[in-house]
Structures are given as structure tokens and as C-alpha cells.
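Thanks for coming. I will go through one structure today, starting with helix packing and then moving to the sheet and a few backbone details.

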Amino acid sequence: MTDPPTGKSWGERFSDELFSTHTEVTLRLGFAMFLGFVFTFANIYAITPIEMNLLMAVLIPGAVLMLPTLMFSFGSVLLPLFSAFVYCYCSTSALLAIAVAAGTEWFILCFALWTFWNSFMRWDKLEGGKVGIIIVTVIFQTTIIWPTYDTVQNGFTVPDPSISPLTAQVLKGFLSDAVGEAMMKGEGTHDVLITTSDLAGQTAQVTVSEDGTTSTYVAGGMWMVKGMWTFSGVDNPLASFQNMMVFICWVILIVSLVPLLPPWRTARNYVWRDVLPYALKDTASIIRLNASRMKVHQQLRELQEKNIGGDVSAEEGEIKARIAETEEKILATRRRLMVSQNALFDGSLANLTYFEPRLLNLKPVQCTAEVLSSLSVSIAQISGTAVGFGVVIDHQDDGEFLKNVMEQHLIAAKALDTCAKSLKKDDLALLESIPTVLNGSFNDNGGDTESKQEHAELGTTGATHDPFRMHQKAMDIVNLSGKWLVEMSHSSTSHGLSEYFSKSSRRAFVKNILPWLYLQLSHYLYLLRVIVVPFDKKSWNKLELDRNNYAFIQLVWSLKYSIGHAVLMIMTIYWPTFADAFTVADENNPYRSSFVLQNGGWCLVAYSFATTQTTEGSVKKGIMRAFGTALGGVIGWIALVACEDKRYENEFNPYGIIAWLTVTAILTTYLASEKGFEARMSALPNDYGMFVLYSVTTSITIIVYGYFAYGTLGRDLIVQNRIVSNLVGIAMSTVMSLIPPGNYGGSPGRAMKIVSFHWNSIQYVIDTLLSCELDENGNPFDERCTEIADNLTKSYNRILTKSSKLRGLALGYEKDASKLHKFPRFKVDPNLKVELEKISCDIHVAAFVPLMAAKLLSHEDGRKALLSLNGGVRTELSLLLKEFELGLAGGDIASLTVQFPPQNSGLDNTTKIDVELFLRTIFWMVTEMYRHNEALDKISWGI
């Protein structure tokens, strides 16, 4: 039987799916989740800490669903968790000590301040993922996991239905001698000094009832906070620090199996063999398409000159059809290059390979990640130049100007194609022919007939002027590609011992190890920076009361985020009606007190997880969490019903529960996860991934609490209370995000900020040029020109760096706001992403303006042509500056014109090309920014 759309049989399709990336990722995640379930329900108390195994079943599936399955995740994500959890426990201990020493009011105040301090990390791309886990972990340790802030303040009583059976059993053992001594004294309340166990030195108040039952109370205090660090034993609920460290080690070990199980999958291989070759091929393609567009436009002009006043010929119609086809190909190629730009822009994807050591490589230590990052950035730059060249030049009036510039682009395109093949095939020999190609000549070994003909048609002979530095950029890529392939090769050459400890090897080792060490300390450094920022005058200068100002947005968001936590904590502690109204249980139900204590903590957890940086993201994530929690609650309840078995101590069949959780988790992962390489970066799709995550983790939470704490009698109450407490936290998240000023990811303000920055940057270039003083002959001073050229060269890197940062933030906000985009009600205006892609093309063009100006100022002819009174260009710059001073809103694109130097201007050809290119670039950027401003004004946004 054959499937018509693909032409493959069902057997072939099944085989393809079985060995697909999607299936492999599902099996990797499923194996780790299975181990987590086994450790949770197998009662291995000798190696798993008491109470902590409850968290293991929830944390491991949540972690593996969100983390990449590539090798870099071990060093960049998993190992830093150990340091993060140490920080969590230090924070927990400090807050609990404050609760004991200063009371509940100070505990709430300090918790709010601590949350405000940490919330700034949510804004950072590197640290944002960790801070959510950090805050939620502290909430768990202070409000949900025994001992809580209430326990260390007011002590504990045994028996108490709010304490889990496992903890209660251990505490009874600690108190057994004291209880026995009290029972010998008979009925009544007796104060007994505890002389055994970790509670030695404390006083137990034992009440012996008439029927022989006992109730024992032990006062809280600082001894309990201290004991959390000093007590030991995985079966001791008071040994919190040791148990937390053992727990996180088990979590890291199990989750690490996902990326470390063979066959090893690396980001290095993906960047090297897929992203880079495709980006190089597309860059070469768009260069040739630009050349083809020039050629057909020239043919059209020549034909129209012959047929002035005549009818449109069939040949003219054919040429116009070719132009339309070429334009369509250029747009398609440009879109593909924008995808590549996202991966390569600042080398961020390549930098992940610092965490993918080549342990089986027998060569002396090398810093291969540095080479791959440099190669990625170089390819991003040359692709940006190729795209920018195509959009800057007005192809209706290219003439000889474009032909001369295009020659080096076509030569570079040939080299880029060869580099792409070399990287894809891992064949260093293919690079050997490139140097002759880049010199502008072809021989039998260096080029083919098609390439020779391509250049012959352009009438090129040898190397020509290269204002875009395409030759140099292509040479850099060739050299870096060769260096990369050499370092990746497995040489059979033996190396002396001295080579492994040489200066270069030691330097490479330090470069390789620094990122690993930095990520263990990065959150501490960031928190220290947050403390220092208020004492820096520059920080206050940046704080403008503008909804598009990032410093202001970050401050307001952090305030609202911490206030939400404080309000929920106050409601939980000081508002009895809240605790009673949102606890689903009868007054005489033995489990009611447990739910009253825990529901507030779960409200805080839901609030923390549901809140994102954008208003739309918070609302949509809250909706997904609400539905995911409801679905997960139903699934968990069904599992507890299906696996009920009175033959087991916990009244549930642990083997059935493990099987249920494993099968449902694997099926959910398989059906909901991304396809292809995206699955390796994160199994959950951006659109609805949170719904899947929360349905899985909620069902597990229900099952774990039912199995270990509440049994069959409390099964229904668990589901109801978890859903209610989550809904309260979600509601608080939605309310806080909607309180103005909100940070709307669908707002065009972020994109407009990039446009405004480009506008101001180019205005600064023109203003700086015109500020150059002239001598009595109307020519600029050489020393002043050199100084200005140095400043403009620095502006190139400044524009690239800041534009890249602004672009990353705008894209991140848009992505966060775009969740649930398949539902029309929640769809972000698609024109915003289109404009962001166009603005991304502008970045290299905007940075090219100061670089081109600096180049012109570097030689005498360029200085005079650009700035002398009789050069003509200075007048054009003055007119352009007036246009810039009007601002984006005040200018008129229809009246904008620019005069280029005439053919008889007396300038040499090279200088004329540079001056004309400089003016064309500014003119195009101005018109493009006007278009962006107009398009962004029409974008609709909000909830």
C-alpha cells in the first residue's frame, strides 16, 4: 500500500519515523523519566533522601522536557544547578532564621526584598532560566516541604495530619524515649528533656490521654535552622541541607543521561555540517541573484532605449517576467538567510560548543569553540553584507557603478560555495583551489567554465575596487574554515609530551575551562551587579520613564513580580478567610489542616511559573497552566483509581503507577514534541508547550501526594485543592501583568527602538563629519580627520553590539507574546515579525555607514571629496542632516533626494565609487527607516 502524498509505503514511513530524530529524543527523555519514577516509588530510602524523592518524580520530567538533549546541556545547564541549589539553600536558611529571630512580618518583608533582588535575573538571557527554579525552590523549602517557616517558629506536634506519614514515622522514632518516660508518669501533660537522637537537648511536651494515646509537642527555634545544616542521615527530615545536596546530585545524574547516552549528539556537528554550509550557499546564491538582477535590468533599459515611444514588445515582457522571478528568489533566499542569522548573529550557538569537549581527541588541547564562533560571526557578517548590498543599491540606476562593485562579490560567491562543500563533506582538500579564485583569476584547477563565463559576461579583468571588503571577508572565512577542519581532523601523528603542556595548550585549556567555571558563579556575580547598579550614576541616567526603555521596564516588572509574591504570602498567613475559602475539604476532615498549610505555597509556585516578561506571555502561559493543571489533575486521579490496590502498604500498586507514568509521559512527549533538530533543543513547542508540561507535572504531583501522603481517602481532595490553588496563583499573575505599565511583547515599540537607534547613529556620523573644521582653502584638517575616523571606526562595533542586543530582546519578547498564535484571539500581529526581519537586515547596513566614512577620511582624496567646500558632497550631507533633525515623525520620504558626484567631478574612480556608495547607503537607510516607522505605526497590539 502506498501513501499518495509521499510516494512511500507504510513500512517505509514507519521505518523513517522509528529512526527519526523525534523518536530518538522521545526515547531519551522517556528513559530518564522512567528512572525518576523508579527512584520515587521503589522506596530506596537507603540512597534517596526522605521527602525529596517526592520532588524527584516531578522535577526530572519537568527538567528533561525543557532542557536540550545535546551534549552542551550537561556543562551549561545541569552542572550549574548544583551551585544554584546551594544558593537556594543559603537563601532558605537566611529567611527561616529571620522568621525565628524577628517574626513573621520581617520574614514576609525579607522574602519580598529577596524576590525583588532575584527577579532582575529573569531579564537576563543567560540567567533567566535559573532564577525561576531558584525562586520556586525557596518557596517549596519555606512553605511546602517540612520544616516550613511555621515549623521553625512554632514547633511541631506528633501526630499531626499535616506532616507526611514518612516524616511522622521518623519523628516518632526520635521522640520514642521521651514518650515512654512520659507514659510512665501517667495521664497528663509532662515536660521531658530529650536525651537521645538529633533532638537531644530539646524539651518535649508530652500529653498522655486517658485512652493511652499521646501527643508530643517540640518547640521551634534557631536550633532547628542550625540543625538543617548540621544534622545528617538521608532518613532524617531535619537534615535538610545534606538531603538537598544528595537529591540534586541524583537529579543531575539521571537528567545527564539524556545528553550523555550514546550516540552523542552535539551542537558542534549541527552548526558545522548544517547551519554554516546552508548559510554560505544562500549567501553565494543571493550574490549571484543580485548580479542577475543587475544584468536583466540593464537589458531592459537598453531595450527600452531602442523602443522609445513604441509598443511593449514580447521581448520586454519576457525580461520583466525574469525580473519578477529573480525578485521572488531573492526574497525567499533573504528569508532563509534571516533564519541563519538568528543562529549565527553573535556566535551564541557556536559558543555552546565550549561545553562539548572532545575527550577522545588525542591531540594537544585546542580551543575549537573559539574558531567555530569566529567562523559563525564571519559568515553572519558576510551574509548581512550580501543582503545589505542588494537592498541598498537602487537597481534601476546601477550602470557601471554596480558592475565594478559586483566583481569581487561574484569572486567571493565562488569561494563561499567551495567553503560550504568543504564543511559539509569535511574535505579540507576542496579549499586548496580557493586562493587563486580570490585573486580574481581562474585556472584549470581553480575554476570551471561556468564561473569563467560568468565573469566574462561582466567584463572583469583581474581584481577591482572592493568597498564592502567582500574579498577580505571571504578570505577570513576560507582561513577559518581551513583552521576548523584541521582541528577537527583525527591526525595519526604522534605528539611529544611537551606539546600537551606547551604555552598554547595551557592557554587553550584556560579558554575551554573558563565558561564552565563562570556558569557556576554567574548568578552570584549577577546578583552582586544588581546591588552595585543603584550606586552607579549612569544607571539612573538610563532610567527614563518610557515604556520602551528597557531599564524602566525591568524595574517595573521586578517590582510587580515581587509585590505579587508578597501579597500572596500575606494573604496566606494573615487572611484566614482566604485559607478557609480556598481549601476544599470539610471542617472535620483530618487532611484539611494539611491543605490549609500547603495551598498558599502552591499558589506562590503557580504565580512564579505563570509569570513571564511580557503581559501577553503571562496571560497565555496562565491559560495554558490552568488547562494543563485541570487535565493533569484528571489524569492523575484516573491513575490513582486504576492503581488502587489494598494489598500494598500505601494502598496503591507502585509497579502499576510506574508503568502508567512512564507510558503516559512517553506518549505525551512523542505526540507533543517538536520535529527535527528543534526537538533536540527543546522537546516542547513554543506555542503550546507549557500546556503539555503542566499537564504532565500536575498528574505526577497528584499521584505522588496520593501515594505517599493522602491515600485513597484524600484522593479527590488532592485534585481539587491543587487545581484551586493553581488557579489562584494564575489569577494573581494575570492581574499583576495587566496592571499598567505593562510590558507588551507584541508592541512595535521594541522594533521602533532599533530604528530610532539606527537613525540617531547615522545622524551622529553626519554631524561628526560636518563638525570637522576647514582650513583657509576650504579643505579639512588632516589631524582632525584622523581623529574623527578613529571615533567612527569605534562606532561600527558599537552599532553592531547594541543593535544585536536590542534585536535579541525584541525577538525574545515577540516570541514570548506569540504563544497560542493558532488561536485568532491570541495572535500577535504577524507584521511585527516581518518588520523585525527587515530591521535585522538594516543592522549591518547601519554599521557600514561609519565604517565607510572612516575609510573615506583615511586618505586625502576621500577627505576632500567628502568635506571640502567645493566638493559638493558636504552640501548633500548638510541637507541630509536637516532631514535627520526633523526626526522620523517630522520628515517626508517623498521630498527626500540626494545628488551623486557627476561623471566629470574630477574624482578618481575608486573615490567616486566610495563617495557614491556612502551617499546611497545613507539615502537608502533614511527611506527604509521612514518605511519602518510607517509600517510599525499600523501594527495592532495588546490583549
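This is a predicted model: local features need pLDDT of at least 70, side-chain atom pairs count only at pLDDT 80 or more; totals for chains, interfaces and linings use all residues.

**Helix pairs**

Take helix H30, residues 749-770, and helix H31, residues 782-817: their axes come within 9 Å and cross at roughly 175 degrees. An angle over 145 degrees counts as roughly antiparallel, so H30 is roughly antiparallel to H31. On the H30 side the contact is made by Arg750, Lys753, Ile754, Phe757, His758, Ser761, Tyr764, Val765, Thr768 and Leu769. On the H31 side the residues are Ile788, Asn791, Leu792, Ser795, Arg798, Ile799, Lys802, Ser803, Leu806, Arg807, Ala810 and Tyr813. By class, the contact of H30 with H31 has eleven nonpolar, six polar and five charged residues.

The crossing of H2 past H28 is right-handed. H2 contributes Phe37, Thr40 and Phe41 to the contact, and H28 contributes Ile700, Ile703, Val704, Tyr707 and Phe708. Sorted by class, the contact of H2 with H28 comes to seven nonpolar residues, one polar and no charged ones.

**The whole chain**

Stepping back, how many helices and strands does the protein have? The secondary structure comes to 35 helices and four strands. The C-alpha trace spans about 120 × 65 × 65 Å along its principal axes. There are 943 residues, and 54% of them count as buried. Looking at contacts between residues at least 6 apart in sequence, 77% join residues at least 24 apart.

**The sheet**

Now the strands. They form an open sheet of four, in the order E1-E4-E3-E2, with antiparallel pairing. Which strands are at the edges? Those are E1, residues 156-158, and E2, each of which pairs on one side only. Neighbouring strands of the sheet are turned by 20 degrees against each other on average, ignoring direction. Helix H8, residues 165-185, packs on this sheet and touches E1, E2, E3 and E4. The direction of H8 makes about 70 degrees with that of E3.

Going along the sheet, E1 pairs with E4, residues 214-218, in the antiparallel sense over three bridges. Within the sheet, Val158 stands opposite Thr216 in E4.

In E3, the covered face has Ala204, Val206 and Val208. The uncovered face of E3 has Thr203, Gln205 and Thr207.

The hairpin of E3 and E4 has five residues between the strands, and Gly212 in this hairpin takes a positive phi near 95 degrees.

**Backbone details**

Two other residues have positive phi without being glycine. For Ser197, phi is near 70 degrees. Ser197 is in the loop between strand E2, residues 188-193, and strand E3, residues 203-208. Its relative accessibility is 34%, so Ser197 counts as partly exposed.

Glu651 also has phi near 70 degrees. Where does Glu651 lie? It is in the loop between helix H25, residues 615-642, and helix H26, residues 654-672. With 27% relative accessibility, Glu651 counts as partly exposed.

Last, the cis peptide bonds I want to point out. The bond from Trp146 to Pro147 is cis, with omega near 0 degrees. Pro147 is in the loop between helix H6, residues 128-144, and helix H7, residues 149-154. The bond from Pro262 to Pro263 is cis, again with omega near 0 degrees. Pro263 lies in the loop between helix H10, residues 240-260, and helix H11, residues 267-306.

Notes
Residues are numbered from 1 along each chain as its sequence is written. Side-chain values use heavy atoms; hydrogens and water are left out. A crossing is left-handed if the near helix is turned anticlockwise from the far one by less than a right angle, and right-handed if clockwise. Contact means heavy atoms within 4.5 Å. Ala, Val, Leu, Ile, Met, Phe, Trp, Tyr, Cys and Pro count as nonpolar, Asp, Glu, Lys and Arg as charged, and the others, Gly among them, as polar. Buried means under 20% relative accessible area, exposed over 50%, partly exposed in between (1.4 Å probe, protein chains only). Two strands pair if DSSP finds at least two bridges between them. Axes are lines fitted to C-alpha atoms, for helices over the stretch in contact, and angles run from 0 to 180 degrees between N-to-C directions. Angles under 35 degrees count as roughly parallel, over 145 as roughly antiparallel, 65 to 115 as roughly perpendicular and the rest as oblique.
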